[in-house]
Amino acid sequence: MSTAFHWFLPTGGDARDLGGAAHGTGIGGPSAGAPAGRPATLGYLTQLAQAADQLGYEAVLTPTGAHCEDAWITTAALIAATRRLKFLVAFRPGLVEPALAAQTAATFQRLSGGRLLLNVVAGGSDAEQRGYGDRLDHDARYARADEFLDVVRTAWRGTPYDHAGPHYRIDGGQLRQPPEPAPRIYFGGSSDPALTVAARHADTYLTWGEPVAQVAGKIARVRELAAARGRAPRFGLRVHVLSRATAARAREDAEALLAGLDDAAIAAGQQRLRALESVGQRRMLDLHGGRRDRLWIAPNLWAGIGLVRGGAGTALVGSHREVADRLAEYRAAGVDEFVLSGYPHLEEAYNFAEHVRPLL
């Protein structure tokens, strides 16, 4: 398979700066600013999905959590509005029974003509999980996700089955119309329990935009764990992109994303994100330590988004050529797929497709 480029569907809203409550600033707590400049209406999401479809992105990642719209309903509403675009639907395995999830995925796969990909998210916030009625802690959620995926893959075979495990018991289960093909499983996480689950189940292992050496080290670890189980997953990088005709202009526009964020807003964002149990989130925060003077953490890798945004907190910033060169370095380190985004997402989808993609 060749290198794949995906885009992002901001179902929590979009904006031109992080002070406008762009998607992700509500992860782990209330939004850091005013209502988003572009609410996640069906009209806007349709416009963005159609643009991604026409521009040649393979899929759009749709996130999950209390800060955004439901991923299943949102993407199902976009099936008929697109032609070839795939939907990388994020969902949390602890909030739905695995037999039902297997059926939901099979239905989506049939109705979309095989355009479903699944991003399984164990959950990085105890508080948010409790808000959904889930009381398992971080490590237990990964153990449950492991069992959940065992059941889902068993159900997708289409034959009768029983299952008895620590978290699920199924008697006489059978998915009478299994998906064809079975959706690919995307899985991320930086903790030891997460890497173990990824090695067993991930078709593509996802990681956030850390410096190349750190990403390469994580890829090597997962590859070794997966090889011990006779598996060979692909690897994906989730990172923002901001490219311009010149590096100087790109840096100016990156700094503009922080317009409206004073020290108090950044401190509040850091406190909120530090409270999350996610090891990957902690690694993102440690890249800059919450300081504006430590945001350039590697050549063209800027961590300013992570001052207030949960999840992916880094961006490749520079000239079109510089961003293309950095992506090529990640590709050489073992990255097969890139899940990209930028603020605002519609304009940046065009910018990357027109100026950076041809250089790759």
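This is a predicted model: local features need pLDDT of at least 70, side-chain atom pairs count only at pLDDT 80 or more; totals for chains, interfaces and linings use all residues.
User: Which residues touch the most other members of the largest nonpolar core?

Analyst: The largest nonpolar core holds 69 residues. Helix α5, residues 138-155, gives this core its largest share, 7 residues. The members that touch the most others are Trp-7, Phe-187 and Phe-352.

User: How many residues form the other core, which includes Leu-18 and Trp-302?

Analyst: In soluble globular proteins, nonpolar side chains tend to be buried together. This other core lies apart from the largest one, and Leu-242 and Val-308 are also among its members. Its size is 16 residues.

User: Is Asp-134, the salt-bridge partner of Arg-144, buried or exposed?

Analyst: The closest N and O atoms of Arg-144 and Asp-134 are 2.6 Å apart. Buried means under 20% relative accessible area. By that criterion, Arg-144 and Asp-134 are both buried.

User: Which helix contributes Arg-200 to its salt bridge with Asp-150?

Analyst: The two side chains meet at 3.2 Å, N to O. Arg-200 is partly exposed because its relative accessible area is 31%, and Asp-150 is likewise classed as partly exposed, at 28%. Asp-150 is in helix α5, and 50 residues separate the pair; Arg-200 is in helix α6 (residues 192-201).

User: How many residues apart are Glu-58 and Lys-86, which meet in a salt bridge?

Analyst: Their side chains come to 3.8 Å, N to O. Glu-58 is partly exposed at 25% relative accessible area, as is Lys-86 at 27%. Glu-58 sits in the loop between α1 (42-55) and β2 (59-62) and Lys-86 in strand β3 (residues 86-91), a link between distant parts of the chain that are 28 residues apart.

User: Which residues are linked with Arg-244 in a network of salt bridges?

Analyst: The whole structure contains 21 salt bridges. Some of them join into a network in which Arg-244 is linked with Arg-249, Asp-253 and Glu-348.

User: What distance separates the backbone oxygen of Gln-177 from a polar atom of the Arg-110 side chain?

Analyst: Arg-110, in helix α3 (residues 98-112), is partly exposed, with 40% relative accessible area. Beyond residues up to four places away in sequence, Arg-110 touches Gln-177 and Pro-178. Pro-181 is 71 residues away in sequence from Arg-110, with 9.3 Å between their C-alpha atoms. For the backbone oxygen of Gln-177 and the polar side-chain atom of Arg-110, the distance is 2.7 Å.

Definitions and conventions: Residues are numbered from 1 along each chain as its sequence is written. Side-chain values use heavy atoms; hydrogens and water are left out. A nonpolar core is a set of buried Ala, Val, Leu, Ile, Met, Phe, Trp, Tyr and Cys residues joined through side-chain atoms within 4.5 Å. Buried means under 20% relative accessible area, exposed over 50%, partly exposed in between (1.4 Å probe, protein chains only). Helices (H or I, at least four residues) and strands (E, at least two) are DSSP runs, numbered from the N terminus. Contact means heavy atoms within 4.5 Å. A polar contact is a pair of N or O atoms within 3.5 Å; within protein, one must be able to donate a hydrogen and the other to accept it, and residues adjacent in sequence count only if both atoms are side-chain atoms. A salt bridge is a side-chain nitrogen of Lys or Arg within 4 Å of a carboxyl oxygen of Asp or Glu.
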